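This report describes the fold, helix packing and selected residues of the protein shown below.

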Amino acid sequence: MSISPSTTGADAPENHMSFGRWLREIGWRHLVGVLALVFAAFPILYVISASLNPVGTVASTGLIPSQVSLTHYQTLLSGAKGPFLQWYLNTIIICAVVAAVQIFFSLLAAYAFSRLRFKGRRGGLLALLLIMMFPATLSMIAIYNMISDIGQVIPAIGLNTLTGYSLALMGGALGQVWLIKGTFDTIPKELDEAAIIDGCNHWQVFRIILLPTLKPIIATTFLLAFVGIISEFLLGSIFLTDNSKKTLAVGLYGLLSGDRSNNLGVFAAGAVMTMVPVIALFQFLQRYIVGGSTAGAVKG
């Protein structure tokens, strides 16, 4: 059987997309992505540049530093501008403890709202959603007065204590319930029923069967909670007044407000070092975030 030359792969006509068509269908997406990347990277590059500029003033700082020096990092780590390492330690402890407690209680509440049927379930979900619509700043005065009164009875959890500040932040423990509940709803209930038939109780179903399937959403919500806590400033600024009790956000703002022009480099160095735990946590949790939502749901 002969093969016509017109049908061979070598002589087949090549399908080239014109540049105009490529730009209309695909290229504009790349352009938007590049613009978004530049928009997001510009402030980060400016902060890094300011942290490496030995002069460290507003007037001398540009996107590309004329000189490179680590003097601002040395100033922070030496404690010349304040107990930076103590602020760092306070922040890491508060972020880790509060984020873990928030996610734990959110998981328990999300399991109850998703798997159990009880009176007031729908009303509770709507009430939780309504509370989340109000900004946290509306409750700052009430929380301040409450912690102040509690501190008069139990000084260890009063104002100007890391424990009291952490308890105040834990008031938002149910902020991730809706997000986690949505993931719970996607898990087949047949897994629960099979485990209960095998003799598991609700706690065992939650811990052994469902938790392994929730690794991606747990990692995501923990990262979101961690970032929100490490950048929290308003509540910390009125709770923490002792220099040794401050967090990074409160302490660095104090440096900047003392001399906005000359302390820009030191503030920028502190901001860059604040990024480190967030980036490290994201790199550690990335494998769970991109994992399958049902990975680990293997009956042993």
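Helices (H or I, at least four residues) and strands (E, at least two) are DSSP runs, numbered from the N terminus. There are 13 helices and zero strands in the protein chain, and from the N terminus on the elements run α-α-α-α-α-α-α-α-α-α-α-α-α. This is a predicted model, in which local features need pLDDT of at least 70 and side-chain atom pairs count only at pLDDT 80 or more, whereas totals for chains, interfaces and linings use all residues. Residues are numbered from 1 along each chain as its sequence is written, and side-chain values use heavy atoms, with hydrogens and water left out.

**Overall organisation**

Of the 300 residues of the protein chain, 33% count as buried; buried means under 20% relative accessible area, exposed over 50%, and partly exposed in between (1.4 Å probe, protein chains only). Contact means heavy atoms within 4.5 Å. Among contacts in the protein chain with a separation of 6 or more, 72% are accounted for by residues 24 or more positions apart.

**Helix packing**

Two packed helices are described by the angle between their axes and the distance between the axes. Axes are lines fitted to C-alpha atoms, for helices over the stretch in contact, and angles run from 0 to 180 degrees between N-to-C directions. Angles under 35 degrees count as roughly parallel, over 145 as roughly antiparallel, 65 to 115 as roughly perpendicular and the rest as oblique.

| Helix pair | Angle | Axis distance |
|---|---|---|
| H1 (residues 19-52) and H13 (residues 264-289) | roughly 120° | within 7 Å |
| H10 (residues 215-230) and H13 | about 170° | 9 Å |
| H3 and H9 (residues 202-210) | about 110° | 12 Å |

By their angle, H1 and H13 are therefore oblique to each other. Their contact is made by Ile44, Tyr46, Val47, Ile48, Ala50 and Ser51 of H1 and by Leu264, Gly265, Ala268, Ala269, Ala271, Val272 and Met275 of H13. These residues divide into 11 nonpolar, two polar and no charged. In this classification Ala, Val, Leu, Ile, Met, Phe, Trp, Tyr, Cys and Pro count as nonpolar, Asp, Glu, Lys and Arg as charged, and the others, Gly among them, as polar.

H10 and H13 are roughly antiparallel to each other. On the H10 side, the contributing residues include Pro216, Phe222, Leu223 and Phe226, and on the H13 side they include Pro277, Leu281, Phe282 and Leu285. The residues of this contact comprise 14 nonpolar, two polar and one charged.

H3 and H9 are roughly perpendicular to each other. Leu107, Leu108, Tyr111 and Arg115 of H3 meet His202, Trp203, Val205, Phe206 and Leu210 of H9. Seven nonpolar, one polar and one charged residue make up the contact of H3 with H9. Leaving aside neighbours within four places in sequence, Leu108 is in contact with Trp203 and Phe206. The C-alpha atoms of Leu108 and Trp203 are separated by 9.8 Å, although these residues are 95 residues apart along the chain.

**Nonpolar cores**

A nonpolar core is a set of buried Ala, Val, Leu, Ile, Met, Phe, Trp, Tyr and Cys residues joined through side-chain atoms within 4.5 Å. The largest such core has 41 residues, of which Phe184 and Phe239 touch the most other members. Helix H3 (residues 84-115) gives the most to this core, with 10 residues. Not counting residues up to four places away in sequence, Phe184 touches Leu107, Ala110, Tyr111, Ser114, Arg115, Phe206, Leu210 and Leu214.

Tyr73 is found in helix H2 (residues 71-78) and counts as buried at 15% relative accessibility. Beyond residues up to four places away in sequence, Tyr73 touches Ser51, Leu52, Ala269, Val272 and Met273. Tyr73 and Met273 are 200 residues apart along the chain, with their C-alpha atoms separated by 8.7 Å.

**Loop residues**

Thr247 is found in the loop between helix H11 (234-239) and helix H12 (248-258). At 5% relative accessibility, Thr247 counts as buried, and its contacts, not counting residues up to four places away in sequence, are with Trp87, Thr91, Ile94, Tyr165 and Leu240.

Asn160 is placed in the loop between helix H5 (140-153) and helix H6 (162-169). At 21% relative accessibility, Asn160 counts as partly exposed. Most residues other than glycine have a negative phi. Asn160, although not a glycine, has a positive phi of about 60°.
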